[in-house]
Structures are given as structure tokens and as C-alpha cells.
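Okay, let's get started, I'll keep this short. Have a look at the screen while I talk.

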Amino acid sequence: MEVIIESDYNNMSKRAALIIAGEVKRKPDLVLGLATGSTPVGTYKELIKLHKEEGLDFSKVTTFNLDEYIGLSPLNEQSYNYFMWSNLFNHININRANVHIPLGNVDDPDEHCSWYEERIRQAGGIDLQLLGIGGDGHIAFNEPGSSMASRTRIKALDQQTITDNSRFFEREEEVPRFAITMGIGTILEAEKILLIANGKKKADVCAKFIEGPITSQITSSALQLHKHAVVVLDEDAASKLERKVYYNRVRDQKLIIEKKTGR
Ligand code: F6R
């Protein structure tokens, strides 16, 4: 796992956007997995800027979002569908037909989950998956105890997630109790993974998933098994890491190699 530590949220967001932009330029028909929540808002702002100011082209990009609350229609302002359109898709030249976000209000959610997995397969798999991390260590809505082999399915939200996410709702009772979420198995099949985290509140869980044992109690620790996972943190989120000096040394060595080779 490569760990990149940036000074603050803005620099974390810029770095993440540059990594995504690099992949879009390398492969214009990139299959990009996306996340919602507060963490990626800055990254999406940077991507919009790169599109508007430097012509970053999303016209051939296909996207798959990680998750959606059960019971919310895509028009509901708290839905992840709504979030994605207002924070990113409405501001870039994405082709609407290439956007995939699970629907939380379908008649048969189980069938929808199978369809979603099938759509990912038909698209050739996810090239780059962007992730945030929950206070309980979840990625997507894979709460503690989720199977490390899990696929897209319905998952009951943990009490900590319900409390954490209540900041987006008027009252905690309004937070849906279930979500459709890609599984850990689905996420691990992405070619590359980019996890971003910021703030002191994420420091403990970041130390656990990066430097602790692999355990289904911290589902993000499954990323230790991935061949190409990059984690971009701000200083606050990185503050409990024990091997910070090493991560920074790797970064410096990479810079030297990049300068020498021009890559
Ligand atoms: C959202 C998602 C979640 C969030 C996580 C962190 O699509 O998959 O795992 O990434 O709950 O949320 P924030 O960024 O709001 O702290």
C-alpha cells in the first residue's frame, strides 16, 4: 500500500484529483469507481476545475458508484444519486448513459444488485476505484464483520455510521437503516484503488487499517491484500501512523526517480 501524506484537505484533494486525471488521460475510456460523503467533495471540485480550465475530457469515461441508501429516490436531496449529480456530473462532460449509481428505490433490490455486478463485468471491470473511509473503518457500506469476499448487496448500517451520517439529515431517525453497497470482493477486483481521508477524527482508524492486522472488523484493512492501493491522507488523518518517516522517504525517492527518468 502506498501512503501519501499531504499537509491539509486542499492538498489531499488536489493530489487525489491529479491521480484520477492522470488515469483519465492515460485511458480516456476509463472505468472509474466513485464515492460520496464529505471527503471527496474537494477532489470533485478539483476535477471540475481541471475539466473547465484544462479540458480534462470525461466524455468516454464510465462511472460506477459504490453505494446508495435503500428507500431514497434519486431525486431525494440526501440520496447519493443527487449528491453525485450536484457535486460532479452536472459540471463535467460525462455521458449520462455511462453513469451508474445503485438505485435505492427499486422493487427488487436483490435483482438490482446482481444487475449492477453484471454491468461492472460488461464494462470490463473497474480501472480505478475512489474510496473514503468511515469512522468504523468501512469502505463503501461494508460495515464491521462484512465478508471479505462480499459482492454488491444490501447491508444494514452500523449504529456508528447512522450517527456519523446523521449530519446530512435533519434528524438521526431520518437516516436510512439499509443501503445497497458494492462488496469488499467487488472493490478488490478494481485494477487500482485510491482511498482518501482527512481530519483528526479519522486518525485512529487510518492507523488501524494501514498498519494493523487484516480483519473483517475494519473492512478497509482488506486493501492490504490489493496489489495497487494508494492512500492519500492529510496530516491530521496521518497523525497516528507509526511509519510516517518511511512513507515520506518513499515519496522522496519516487520524486528523485521521476526527475531522473522524466516520468
Ligand atoms: C460513500 C461511502 C462511504 C464514505 C465514508 C466516509 O459512498 O462509500 O464509505 O466514504 O462513510 O464518509 P465521509 O467522507 O463523509 O467521512
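I'll go through the sheets here, and the helices packed on them. Keep in mind that this is a predicted model.

Let's begin with the open sheet of 7 strands. Reading across, the order goes β1-β10-β9-β6-β2-β3-β5, and the pairing is parallel. So what's at the edges? That would be β1, residues 2–6, and β5, residues 99–100. Each of those has a single partner strand, so one side of each is left without a neighbour in the sheet.

Now zoom in on β2 and β3. β2 covers residues 31–34, β3 covers 62–65, and 4 bridges join the two, running parallel. If you want a landmark there, find G33: across from it, in β3, stands F64.

And which helix packs on this sheet? It's α1, residues 9–26. α1 touches β1, β2, β6, β9 and β10, and the direction of α1 makes about 165° with that of β9.

Okay, on to the other one. Here we've got an open sheet of 3 strands, ordered β4-β8-β7, and this time the pairing is antiparallel. The edge strands are β4, at 67–69, and β7, at 153–156, and each of them pairs on one side only. From one strand to the next, the twist averages 30°.

β4 is joined to β8, residues 178–181, by 3 bridges, with the two strands antiparallel.

Definitions and conventions
Residues are numbered from 1 along each chain as its sequence is written. This is a predicted model: local features need pLDDT of at least 70, side-chain atom pairs count only at pLDDT 80 or more; totals for chains, interfaces and linings use all residues. Side-chain values use heavy atoms; hydrogens and water are left out. Two strands pair if DSSP finds at least two bridges between them. Axes are lines fitted to C-alpha atoms, for helices over the stretch in contact, and angles run from 0 to 180 degrees between N-to-C directions. Contact means heavy atoms within 4.5 Å.
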